[in-house]
Amino acid sequence: MEKIRTLRGFRDILGEELGKFRDIEEAFRKYSTRLGFRQIELPILEKTELFVRTIGDATDIVEKEMFTFIDAGGDSLSMRPEATAGMVRSYLQEGLYATERLTKVCTIGPMFRHERPQKGRYREFHQIDVEVFGVKEPLIDAELIFMIRMFLDELDISRYHIEVNSVGCKTCRESFRGILLEFFATRKSELCEDCLRRLEKNPLRIFDCKNQQCIRVTADSPLLFNSLCDECRDHFDLFQKYVTGFGIKIEVNKRLVRGLDYYTKTVFEITSDDLGAQKAFMAGGRYDDLVEEMGGPATAGIGFAVGVERLAMLMPQKTEEPVRECFFACIGDRAHDYLILLLKACSSEGIPLKYSYEAKSLKAQMRYADNLKCDLVLILGDDEIEKNIVTLRDMTGKNQEELPLNIDHIISVLKNRLSP
RNA sequence: GCGGCAGUAGCUCAAUGGCGGAGCAUCGGAUUGUGGUUCCGAGGGUUGCGGGUUCAAAUCCCGUCUGUCGCCCCA
């Protein structure tokens with residue numbers, strides 16, 4: 001029989017990693033609540049069209065990375081590859097723009113992209129997603145960076161870089177596109193194959209290329225950052241001023257671009273040198289045109305996503321505080337009847353129940369108790385019942401004592417001994 | 001989607017063309033009721049899967065799946 005295992009790039013999350021996930025979620029809740037964000041649960045499956053229209057039909061995500069299928073009704077559906085699209089849909093569908101001046105929302109959950117798995121990249125992965133609708137002032141851009149900073153501090157993560165840039169608005173980007181194409185008209189031959197493709201599809205991404213030759217060419221190239229319109233320039237300057245005001249050090253990376261079509265003005269990435277090739281573990285930016293493009297009122301937007309798996313990889317190993325527990329060892333039928341009464345009473349007192357389901361030898365039960373790292377073993381045998389006692393053994397030493405066979409008394413002793 | 005490396009017991013790994021093993025872990029036993037250290041023993045495998053070469057394949061070849069690292073791209 002062939003063993004069934006998870007799909008490629010899909011994983012079980014358990015043990016220490018799951019603990020980190022829980023800690024990440026808890027730390028995130030703390031600061032998102034503090035800054036007025038509320039949580040939304042979004043569907044994992046949406047109409048394919050939603051992602052095509054928001055993320056952009058020329059992006060890799062939409063072109064080749066979505067889990068897409070046709071359902072029984074003939075609709076094309078896709079597993080969400082990111083959360084912003086769903087957030088925008090929800091913002092419009094739920095009419096939030098009409099009931100509040102600004103909207104701060106967040107969500108956490110699995111995302112799906114059909115990519116080749118590698119370190120820190122899976123087909124099912126988890127993101128925390130944060131979005132703000134209705135604020136165009138750069139103070140909110142800075143507040144998000146501030147929130148990220150507090151969140152990472154809470155998780156004891158200190159080795160990271162905050163890289164920021166501005167990709168401008170529609171106007172400055174359009175005029176820069178002309179400048180860029182003009183520059184590359186004479187130097188196309190020096191670019192790698194991938195960059196020639198980028199030149200057609202998304203010229204800004206050329207600045208992202210890791211090829212040495214391309215880096216040399218783009219070093220001479222004009223930068224979008226230097227062609228920003230006055231409004232975008234002012235917006236970015238204020239953003240930098242506010243972030244500095246929050247006491248946070250950022251690095252302006254004029255070559256930083258994003259792979260999704262909807263970004264405008266501020267973009268940022270939080271990167272770590274401890275992650276291998278996939279070094280960005282948080283990223284986001286502003287998308288001031290997206291809501292209107294999706295059929296809503298003109299509404300500024302900004303948000304970011306946290307790659308939970310990547311963040312978990314950066315977290316220091318936690319030394320788990322051991323929980324003190326008692327094992328109930330039992331020999332004989334009469335003792336077993338008493339054990340059940342004792343278990344019932346212990347359970348309602350919040351004492352964890354560890355015991356053997358099989359009638360094993362005391363030696364085997366002791367071994368099991370040791371294996372479970374129990375600090376105490378309560379030995380309950382027919383001999384004890386006969387004498388109206390129970391034996392309580394301290395597993396850290398070798399001491400044991402006899403207690404009267406009285407449930408209330410046993411419970412009070414256990415509660416006393418098990419408290420840290 | 002493309003490339004490099006890898007896949008043997010639950011885990012870490014030996015066996016390099018000639019009988020598939022060890023350590024750890026699990027389970028049992030060592031005066032019928034006392035764990036950890038020690039000693040003895042047991043279970044556990046279609047060597048990822050499929051094909052090929054060979055008298056003979058874990059080992060060589062081809063394919064495939066999965067993992068891993070990188071590319072593209074992204075959190």
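Axes are taken here as lines fitted to C-alpha atoms, for helices over the stretch in contact, and angles run from 0 to 180 degrees between N-to-C directions. Helices (H or I, at least four residues) and strands (E, at least two) are DSSP runs, numbered from the N terminus. The model is a predicted one, in which local features need pLDDT of at least 70 and side-chain atom pairs count only at pLDDT 80 or more, whereas totals for chains, interfaces and linings use all residues. Residues are numbered from 1 along each chain as its sequence is written, chains are lettered from A and ligands numbered from 1 in the order in which they are written, and side-chain values use heavy atoms, with hydrogens and water left out.

The axes of helix H2 (residues 48-55) and helix H4 (residues 84-93) come within 9 Å and cross at roughly 105°, which makes H2 roughly perpendicular to H4 (the class for angles of 65 to 115 degrees, with angles under 35 counted as roughly parallel, over 145 as roughly antiparallel and the rest as oblique). On the side of H2 the contact (heavy atoms within 4.5 Å) is made by Leu50, Phe51 and Thr54, and on the side of H4 by Ala85, Gly86 and Arg89. By class, three of these residues are nonpolar, two polar and one charged, where Ala, Val, Leu, Ile, Met, Phe, Trp, Tyr, Cys and Pro count as nonpolar, Asp, Glu, Lys and Arg as charged, and the others, Gly among them, as polar.

H2 also lies across E2, E3 and E4, running at about 75° to E2. These three strands form an open sheet in the order E2-E4-E3 with antiparallel pairing, two strands being paired if DSSP finds at least two bridges between them. Strand E2 (45-47) and strand E3 (68-70) are the edge strands, each pairing on one side only, and neighbouring strands of this sheet are turned by 35° against each other on average, direction ignored. E2 and strand E4 (residues 76-79) are joined by three bridges, and Glu46 stands opposite Ser78 in E4.

A further open sheet, of eight strands, has the order E1-E5-E6-E11-E10-E9-E7-E8 and mixed pairing. Strand E1 (38-39) and strand E8 (251-252) stand at its edges with a single partner strand each, so one side of each is left without a neighbour in the sheet. Strand E7 (residues 161-166) pairs with E8 in the parallel sense over two bridges, and Val252 in E8 is the bridge partner of Val164. H4 lies across strand E5 (103-112) and E6, at about 40° to E6, while helix H6 (residues 138-154) lies across E5, E6, E7, strand E9 (264-271), E10 and strand E11 (301-307), at about 20° to E11.

Of the 53 residues around RNA strand B (those with a heavy atom within 4 Å of it), Arg113, Arg121, Arg198, Arg258 and Gly259 come nearest. The residues of this surface divide into 13 nonpolar, 14 polar and 26 charged, and H14 gives the most to it, with seven residues. Of the atoms of RNA strand B within 4 Å of the protein, 52% belong to sugar or phosphate and the rest to bases. Polar contacts are pairs of N or O atoms within 3.5 Å; within protein, one must be able to donate a hydrogen and the other to accept it, and residues adjacent in sequence count only if both atoms are side-chain atoms. A polar side-chain atom of Arg258 lies 2.3 Å from a phosphate oxygen of RNA strand B, and one of Arg310 lies 2.9 Å from a base oxygen.
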